[in-house]
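Trainee: I would like to learn how to read the packing inside a protein model. Please take me through one case.

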Amino acid sequence: MSIDSTASAPAPAAGGLDLDAYVRLVNDEVGMPLAPDQVAHDFDELPEWDSLYLLKLVTALELALGRRVPVAEVLQARSLEEIYELAVSG
């Protein structure tokens, strides 16, 4: 078996944080257990979700991305997927 050196790895999303890395960030830095298939769920469907997680997430995202996250827009989000899109599009 050989490794094809011409194959390219998936490019990270704009902002340098792909969705898999985002799920790891939520699990590791925020401390909330999150499965990849839960990212698109409404916050009401995430029994662990609370405002403390939101504060931790914004802080962790800003550190990971090296820039501010639009908090006013994050507060309007209804899912972790929406927050991800806001953070990487910034």
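Mentor: Start with Tyr-84, which has 6% relative accessibility and therefore counts as buried. Buried means under 20% relative accessible area, exposed over 50%, and partly exposed in between (1.4 Å probe, protein chains only). This is a predicted model: local features need pLDDT of at least 70, side-chain atom pairs count only at pLDDT 80 or more, and totals for chains, interfaces and linings use all residues. Residues are numbered from 1 along each chain as its sequence is written, and side-chain values use heavy atoms, with hydrogens and water left out.

Trainee: Is Tyr-22 buried or exposed?

Mentor: Tyr-22 counts as buried because its relative accessibility is 0%.

Trainee: How are the rings of Tyr-22 and Tyr-84 placed?

Mentor: Rings of Phe, Tyr and Trp (its six-membered ring) pair if their centres lie within 6.5 Å; planes under 30 degrees apart count as stacked, over 60 as edge-to-face and the rest as tilted. The structure holds three aromatic pairs. For Tyr-22 and Tyr-84 the centres are 4.9 Å apart and the planes at 45°, so this pair is tilted. Tyr-22 lies in helix H1 and Tyr-84 in helix H4, 62 residues apart. Helices (H or I, at least four residues) are DSSP runs, numbered from the N terminus.

Trainee: Which residues do ring pairs link into a cluster?

Mentor: Phe-43, Trp-49 and Tyr-53.

Trainee: What else is Tyr-22 in contact with?

Mentor: Contact means heavy atoms within 4.5 Å. Leaving aside neighbours within four places in sequence, the contacts of Tyr-22 include Val-39, Leu-57 and Ile-83.

Note on methods. Helices (H or I, at least four residues) and strands (E, at least two) are DSSP runs, numbered from the N terminus.
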